[in-house]
Structure formats: C-alpha cells, structure tokens
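This briefing is for a reader new to the structure.

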Amino acid sequence: MAARGLRLGVGRLSEVPAALRGVGRASSSSQAFAEVLRLPRRQLTKLVFPLQELEQYLAPDARADLRLRIFDPSPEDISKAESFFAAGAGNRIEYVSSAVRLDHAPDLRRPEVCFIGRSNVGKSSLIKALFSLAPEVEVRISKKPGHTKKMNFFKVGKYFTMVDMPGYGYRAPEDFVEMVEAYLKERRNLKRTFLLVDSAVGITKLDNIAIEMCEEFALPYVMVLTKIDKSSRGHLLKQVLQIQRFVNVQTQGCFPQLFPVSAMTHSGIHLLRCFIANITGSLDLTAPTLAEDSKFFIPTGLAH
C-alpha cells in the first residue's frame, strides 16, 4: 500500500534520459551552466531542483509538509555560484592537509563548512561531485566503508574551505568523538555543518546521535539526502516526507529545507554549490529568500 501523501509513480530516478545523464556527469566539468538551462523544463528541474521535481508526485495534502523554496536562488545566482567551484589561474581549488586533532588543523581564516555522516553514506563522493569543475583536485573514494580516518581540508580559492570529516559507525576512528566534538564546538570559522543521510535508509540511530550533538552544540546544520538515484521514486518520496517531518518537529538548528543529491547523476549538485557559496558569504543572492516563518529569512550572503 502506498504511504500516506504519495501518488504512485513508475520507474527509478537513476533511469534518467541520456541528455540528462550527460549533463549531470560531464557538464559539471566541461559545459557551461548555460547549457544546463537549455534542457527541457522537466529535465532541468530534476537536475537542479530535485526536491521540486518530486513535488508533482505528492498528494495535495502532503505538499504543505515539504519546505521546497526557502532557499530558491535564480538561475543567475546558480550560474555565479558555479564560478567559485571552477578551478582557474585566479581560483585555486586544492587539498590543503589532514588532521586527527583540532590543534593539528590548518589555521585557515576563511569561512568553513564541514560534511559529516555515517560510514558509506557517500561523503567523499559528494565532495568529489562538488569539485567536478576542478577535476585535478584529489578526493579519495573507497568502496570500503570507513575509509576516511582524518579531517581532510580543501581550499576553494580565496573564498571558503570544505572539510571532509571521518564517518561515524562502522570502522570509525577510535578517537572519532573527541576529534569531531572538539572541531564542531571550537572551530570558530565553521559556518554550517552538512549532515548526510542515506536517502535509501533514512535517519538511523547513529544519525540521531549526530543530530543530537548538533542540537546540543546549537550548531546550524543542513540535512543532505544522498544516493537519490538508488531508490525507486515511491521509496524516495516516503523517505523525504518522513525526514522532513522529523526536521519540522524534532529539530531546532536544522535548516528546514532538505537537499537531495546524487553524486552519480549530479542531481542537486548545482543547487548545493549555490547554497554553500551563499552561506559562506561568497555569493549575494539577487533577491533574498523568505520562508513562511520570518525566523528562516536569509539575508543575502548571511545565511548562517
């Protein structure tokens, strides 16, 4: 029986048209975002705004639960954000160093964002997809869970730093708690924590521990739903609704809008790049975005 609020759809999200697959994987490193904008509207929405693309399959009474357009940048904003992630002579994007303790971390004064999640949730794959406009940047990916054992720091030009954190759960470093807690509590230039949740699995007990930690430390964080290409549309919709209701009811510091992504098809990657550029103060949106509740108002460049 279909979950409440869903209208059954046929097919898997991984079965995207050939044109979209090409744009999703290749355009991020070789084609301008202008080419993405020339896609048919439905394919464009699936690639750039995957959460909005799912909206059409929801029953009307369930649509109110989703926070779809709190962060709703214009195509011009998204195009500008791409430039921060594109390596060039005047914009070096590179791995800086790794650290097992906060006092070993590089002293970088620029704004910083970090990515945490359980082992095998796809953190390194997501960061590699975000850096696909700078393919020379080495982001190590392993098929074995728990490959990342240290905090890995990547510099994005003169604008901001991205940090790939060790995964929690299976094969997590013995000093994981001490390492991550110290970083999250004391890293002064940390602007946002991206908490990755496997969209096929949903929020696990281990994820709940990480959520509780973010809430306890009063950290602003965002839930990113990974591997959306791995689920059927019906299963993904069910998970999205469940996670959205959890965020609406049980969190205080979580940004209310979910960010579904696929490192394989690059669905959602353009929007996530734009969000990162905005919350680090690198990109002023052409128009502020406003949620139903004024506490979610995002002044341009100050979505901290």
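**Salt bridges in a predicted model**

E112 and R187 join their side chains in a salt bridge, at 2.8 Å from N to O. E112 sits in strand β2 (residues 112-117), while R187 sits in the loop between α8 (176-186) and β5 (190-198), so the pair ties together parts that are 75 residues apart in sequence. The model is predicted. Side chains of opposite charge can pair when their charged atoms come close.

**The E112–R187 pair: buried or exposed?**

- E112 is buried, because its relative accessible area is 0%, under the 20% cut-off.
- R187 also counts as buried, at 12% relative accessibility.

**A network**

- R92, E94 and K155 form one network.
- Salt bridges that share partners join these residues.

**The D103–R101 pair**

- D103 forms a salt bridge with R101.
- Their closest N and O atoms are 2.6 Å apart.
- D103 counts as exposed, with 54% relative accessibility.
- R101 is partly exposed, because its relative accessible area of 44% falls between the cut-offs of 20% and 50%.

**The D107–R109 pair**

- D107 pairs with R109 in a salt bridge.
- The closest N and O atoms of D107 and R109 lie 3.1 Å apart.
- D107 is exposed, at 58% relative accessibility.
- R109 is exposed too, at 69% relative accessibility.

**The total**

- How many salt bridges are there? The count comes to 12.

Technical notes. Residues numbered from 1 in each chain as written. Predicted model: local features only at pLDDT ≥ 70, side-chain atom pairs only at ≥ 80, totals over all residues. Heavy atoms only, no water. Salt bridge = Lys/Arg side-chain N within 4 Å of Asp/Glu carboxyl O. Buried < 20%, exposed > 50% of the residue type's maximum accessible area, 1.4 Å probe, protein only. Helix = DSSP H or I, 4+ residues; strand = E, 2+ residues; numbered from the N terminus.
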